[in-house]
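Here are some notes to go with your first look at this model. Have the sequence and the 3D view open as you read.

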Amino acid sequence: MSKPNLKVVVAEDETLFRDFLCRIIRQRFGFEIIGEVATGEEAYKLCDEHRPDLVILDLRLPGITGQELAERLISEQPEARILIISSVEDPKRIGSLLQMGVTGFLNKKEEFSVFEQAIEAVANGNIFVKASAQTQIDSPDVLDQKELLETLSDREKQIVVFVASGMTNKEIAQNLGLSIKTVESHRSNISKKLKIFDIAGVTLFAVRTGLVTL
């Protein structure tokens with residue numbers, strides 16, 4: 001189940017689509033929508049004032065774009081979960097957004113049930129990228145990354161999945177029955193093998209190699 005009483009900001013310049021999103025959020029999840037806005041500037045003011053748990057952003061907002069706003073929020077409010085929505089799937093853009101630290105990406109053309117899945121996943125702190133988008137974010141180095149995947153032990157793969165899901169070292173240790181030092185050692189080895197040293201990079205690796213099921 002999703003965490004109750006989340007505070008949500010919805011930034012979408014198409015009125016009908018914004019109403020559609022808000023209806024899902026209220027009726028399906030019962031979250032508190034603290035703002036429904038049409039521009040990046042309005043969204044930023046709301047987020048600065050209320051520090052929401054979840055922010056749903058159209059990628060192409062007028063004024064401050066969704067990507068620019070996401071960059072600001074990731075820097076200033078790293079605890080906020082960010083779901084990007086767009087009518088265009090650009091492979092490089094999606095990969096860049098995930099690497100930057102957004103929590104999910106979803107195409108506006110998806111079915112109603114997919115929007116529910118996306119909001120559910122992101123609200124729980126998980127990564128969500130629709131499968132159709134996932135196949136497109138593969139870049140020329142994906143084959144290399146899949147080869148790197150084979151260098152990881154089963155335990156290391158397990159930890160990569162937990163890291164991509166937003167779990168801390170303490171939470172991973174408790175889940176696996178390990179000491180925090182052992183988890184830290186595993187994460188150090190993972191970083192050395194993959195040559196990835198940040199959570200966003202590990203998340204993108206997990207998505208691209210299929211460790212995270214979307």
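1. Ground rules first. This is a predicted model, so to speak of a local feature we need pLDDT of at least 70, side-chain atom pairs count only at pLDDT 80 or more, and totals for chains, interfaces and linings use all residues. Residues are numbered from 1 along each chain as its sequence is written, and side-chain values use heavy atoms, with hydrogens and water left out.

2. Start with the largest nonpolar core, which has 27 residues. (A nonpolar core is a set of buried Ala, Val, Leu, Ile, Met, Phe, Trp, Tyr and Cys residues joined through side-chain atoms within 4.5 Å; buried means under 20% relative accessible area, exposed over 50%, partly exposed in between, with a 1.4 Å probe and protein chains only.) Among those with the most contacts inside this core are Leu57, Leu69 and Ile82. Elements giving two or more residues to this core include strand S1 (7-11), helix H2 (40-50) and helix H11 (199-209). H2 gives the most, with four residues. (Helices, H or I of at least four residues, and strands, E of at least two, are DSSP runs numbered from the N terminus.)

3. What does Leu69 contact, leaving aside neighbours within four places in sequence? The answer is Gly40, Ala43, Tyr44, Leu57 and Ile64. (Contact means heavy atoms within 4.5 Å.) A second, separate core of 25 residues includes Phe20 and Val114.

4. Do look at Asp58. UniProt, in an unreviewed entry, places "modified residue: 4-aspartylphosphate" there; such annotations may be inferred rather than shown by experiment. Asp58 lies in strand S3 and counts as buried because its relative accessibility is 5%. Not counting residues up to four places away in sequence, Asp58 touches Ala11, Glu12, Asp13, Gly66, Ile85 and Lys108.

5. Lys170 counts as exposed because its relative accessibility is 51%.

6. Finally, the largest pocket holds about 490 Å³ of space. (On a 1 Å grid over the protein atoms alone, a pocket is an open set of points where a 1.4 Å probe fits, with protein on both sides within 12 Å along at least five of seven lines; lining residues have an atom within 4 Å of a point. The volume is the space filled by probe spheres set on the points.) Of its 24 lining residues, Pro78, Gly101, Thr103, Gly166 and Ile199 lie nearest the centre. H11 provides the largest share of the lining, three residues.
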